[in-house]
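Thanks for coming, everyone. Please have a look at the sequence and the model, and then we will walk through a few local features.

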Amino acid sequence: MCQLLAMNCNVPTDIVFSFTGFAHRGGRTDTHHDGWGIAFFEGAGVRHFVDHQAAIASPIAELIKHYPIKSLNVIAHIRKATQGKVALENCHPFVREMWGRYWVFAHNGDLKGFDPVLDGPYHPVGNTDSERAFCFLLQQLRDRFGDQPPAMPVLRAAIADLVGVIARHGTFNMMLSDGTALFAHCSTKLCYVVRKYPFAAACLADEDLSVDFSQVTTPNDRVAIIVTTPLTTNETWTEFAPGELKVFVDGLPQS
């Protein structure tokens, strides 16, 4: 199956270190070679890069490794196709507008028999179960709440309900963000780490590379990294429980 990576933080931060290790799973240290993508929120806008080439061989992925784009919320994905051909339109993350904001979504898993009626403004461009699930999710949220977003506790409950409906059809590990918060749902495998003061060095699992975060941060910085499997060998990663939805704001999971 695919692999997911996300970042949520309280100050704009680059994801170069984590993405460098993550990209190696796209054809070098793992077999996820059917495309990749990444999306960065910047203010009201989104920088969105996708490529149907394996991340390890993609010139665009090489650019991201060396271009320190700073963002509060980032979602990345490397693909191992289960539904839909290897093509640009099937590469995650997917981006749509709702409530005057961009929403970004990526999925790891395989949904069987999931063919919802999509009679609103959201329709897939490609032919993946993932994009279909994203369109269904946004359609249902708009149907429930109209043209204005609800308060966060209400929105969180609605998303939890909807991802539960989708997950009945198979594995549904997913990342979703509107740039103000990051929602992460686990069916089978997700984990996270929060980097905060006092910062220490971290060593990648997929490449011989380490960074001493105390040299590149301030005491006020806080960064949550959410990923399918741990990216580093010397940090304590917290596993999600199956069926759990977590919401991250300002670099912390919300209770």
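Where does D250 lie? D250 sits in the loop between β14 (245–249) and β15 (252–253). Strands here are DSSP runs of E with at least two residues, helices are runs of H or I with at least four, and both are numbered from the N terminus.

A word on the ground rules. This is a predicted model, where local features need pLDDT of at least 70 and side-chain atom pairs count only at pLDDT 80 or more, while totals for chains, interfaces and linings use all residues. Residues are numbered from 1 along each chain as its sequence is written, and side-chain values use heavy atoms, with hydrogens and water left out.

Back to the backbone. Most residues other than glycine have a negative phi, and most peptide bonds are trans. D250 has a positive phi, near 55°. D250 is partly exposed, at 39% relative accessible area. On that scale, buried means under 20%, exposed means over 50%, and partly exposed is in between, with a 1.4 Å probe and protein chains only. W99 also has a positive phi, near 60°. W99 is in the loop between β5 and β6. W99 is buried, with a relative accessible area of 9%.

Now the cis bonds. The bond from H92 to P93 is cis, with omega near -5°. P93 is in the loop between β4 (71–78) and β5 (94–98). Y197 and P198 are also joined by a cis peptide bond, with omega about 0°. P198 is in the loop between β9 (191–196) and β10 (201–203).

Next, the rings. How many aromatic pairs does a search of the whole structure find? Eleven. Rings of Phe, Tyr and Trp (its six-membered ring) pair if their centres lie within 6.5 Å; planes under 30 degrees apart are stacked, over 60 edge-to-face, and the rest tilted. Take F40 and F49: the centres are 6.3 Å apart and the planes are at 85°, so this pair is edge-to-face. F40 and F49 are both buried. F114 and F136 are edge-to-face too, because their centres are 5.6 Å apart and their planes are at 90°. F114 is in the loop between β6 (101–108) and α3 (129–145), and F136 is in helix α3, so the pair ties together parts 22 residues apart in sequence. F114 is buried at 6% relative accessibility. F136 is buried at 11%.

W99 comes back here. W99, W103 and F145 form one aromatic cluster.

K246 lies over the face of F240, 5.8 Å from the ring centre. The test is NZ of Lys or CZ of Arg within 6 Å of the ring centre and within 35 degrees of the ring normal.

Last, two helices. How do α1 (residues 16–23) and α2 (residues 59–66) pack? Their angle is about 150°, with the axes 8 Å apart. Axes are lines fitted to C-alpha atoms, for helices over the stretch in contact, and angles run from 0 to 180 degrees between N-to-C directions. That makes α1 roughly antiparallel to α2, a label for angles over 145 degrees. V16, F19, T20 and A23 of α1 meet A61, I64 and K65 of α2; contact means heavy atoms within 4.5 Å. Eight of the eight residues of α1 are buried, so this helix is largely enclosed by the rest of the structure.

Key. Parallel < 35°, antiparallel > 145°, perpendicular 65-115°, else oblique.
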